[in-house]
Amino acid sequence: MIEWLDSTVLNWFLSIQNPILTVIMKIFTLIGEGGAVWIAVGLILLAGKKTRKAGAAVLLALVFCLITGNLLLKNIVARPRPCWVNPSVPMLIAIPKDFSFPSGHTMSSFAAVTAIFLWDKRWGTLALFGAVMIAASRMYFYVHYPTDILAGLLIGILLGCLAVYLVHILERRRQLC
C-alpha cells in the first residue's frame with residue numbers, strides 16, 4: 001500500500017514536469033538546501049528585540065533537525081532515494097548522496113515554520129507556503145518519496161514545538177534569576 005502511494009504520487013509529479021515549473025521548483029529546492037533560508041530567517045528574528053525568542057526557537061529547532069534527521073534517522077533507516085532505485089528517470093538536479101528518509105528539506109522547513117507560527121500566526125502562515133513548496137519540490141525532482149516528506153513534516157512540527165517549549169522554559173528561568 002505504501003509503495004503504491006509513493007509510486008503513484010511520484011509518477012504524478014513526473015507527469016507535470018515542464019520547463020517553467022522546473023525553474024520555479026529549482027528555486028524552492030535551492031533555498032531549502034541545508035536549511036539556508038530558515039537559518040537566515042532565524043538570524044534575522046534573533047537580531048530583533050521583539051522577535052529574539054522566535055529566532056532562538058527557529059535556530060534551536062534547526063539544530064534538533066540536524067541531529068535527529070540528518071545525523072541519526074537518515075543513517076539508521078538508510079532508505080535509498082527513488083532516483084537511486086529507478087535510475088532511468090532523467091534527473092533535473094544533482095543526485096543527493098545521503099539517504100532519503102526523512103526529508104531534511106521538509107523537516108527543517110516545517111520545524112522553522114512551526115516555531116514562526118507559534119510566535120506569529122500571520123508570518124507563520126506566509127512561511128508555510130514556502131515550506132510546502134520546498135517539500136513538493138523534493139518529490140518533483142524525484143529525490144524523495146512522499147512518505148519521506150510526510151515523516152519530515154511530522155518530525156519537523158514536533159521539533160519546532162519542542163524548540164518553542166524549551167525557549168519558553170529558558171525564558172521563565174531567566175526571569176526567576
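1. Helix α4 gives the most to the lining of the largest pocket, with seven residues. This is a predicted model. The pocket has a volume of about 420 Å³. Its lining counts 25 residues, and Glu 33, Gly 34, Gly 35, Asn 70 and His 105 lie nearest the centre. Elements giving two or more residues to that lining are α2 (19–32), α4 (52–77) and α6 (104–119). By class, the lining of the largest pocket holds eleven nonpolar, nine polar and five charged residues.

2. The second largest pocket has about 220 Å³ of space. Its lining is made of Lys 49, Lys 50, Arg 52, Lys 53, Ala 56, Leu 60, Val 167, Leu 170, Glu 171 and Arg 174. Here α4 and α8 (146–176) are the elements that give two or more residues.

3. Glu 171 is buried, because its relative accessible area is 16%, under the 20% cut-off. Arg 174 is exposed, at 60% relative accessibility.

4. Now the other salt bridges. A search of the whole structure finds six. Lys 74 pairs with Asp 98, with 3.8 Å between the closest N and O atoms. Lys 74 is in helix α4 and Asp 98 in the loop between α5 (82–85) and α6, so this pair ties together parts 24 residues apart in sequence. Lys 74 is buried, at 2% relative accessibility. Asp 98 is partly exposed, with a relative accessible area of 33%.

5. Asp 120 forms a salt bridge with Arg 122, and their closest N and O atoms are 3.4 Å apart. Arg 122 counts as exposed, at 68%.

6. Val 63, Leu 66, Ile 67, Leu 71, Leu 72, Ile 76 and Val 77 form a nonpolar surface patch. Together these residues have about 630 Å² of accessible area. Leu 71, one of them, lies in helix α4. Leu 71 counts as exposed because its relative accessibility is 53%, and the cut-off for exposed is over 50%.

Terms used. Residues are numbered from 1 along each chain as its sequence is written. This is a predicted model: local features need pLDDT of at least 70, side-chain atom pairs count only at pLDDT 80 or more; totals for chains, interfaces and linings use all residues. Side-chain values use heavy atoms; hydrogens and water are left out. On a 1 Å grid over the protein atoms alone, a cavity is a set of points where a 1.4 Å probe fits but cannot get out, and a pocket is an open set with protein on both sides within 12 Å along at least five of seven lines; lining residues have an atom within 4 Å of a point. Grid points are joined across faces, edges and corners, and a volume is the space filled by probe spheres set on the points. Helices (H or I, at least four residues) and strands (E, at least two) are DSSP runs, numbered from the N terminus. Ala, Val, Leu, Ile, Met, Phe, Trp, Tyr, Cys and Pro count as nonpolar, Asp, Glu, Lys and Arg as charged, and the others, Gly among them, as polar. Patches are made of residues with over 30% relative accessible area and no salt bridge: like charges are joined within 9 Å, nonpolar side chains (Val, Leu, Ile, Met, Phe, Trp, Tyr) within 5 Å. Accessible areas come from the Shrake-Rupley method with a 1.4 Å probe; for residues, only the protein chains shown count as cover. A salt bridge is a side-chain nitrogen of Lys or Arg within 4 Å of a carboxyl oxygen of Asp or Glu. Buried means under 20% relative accessible area, exposed over 50%, partly exposed in between (1.4 Å probe, protein chains only).
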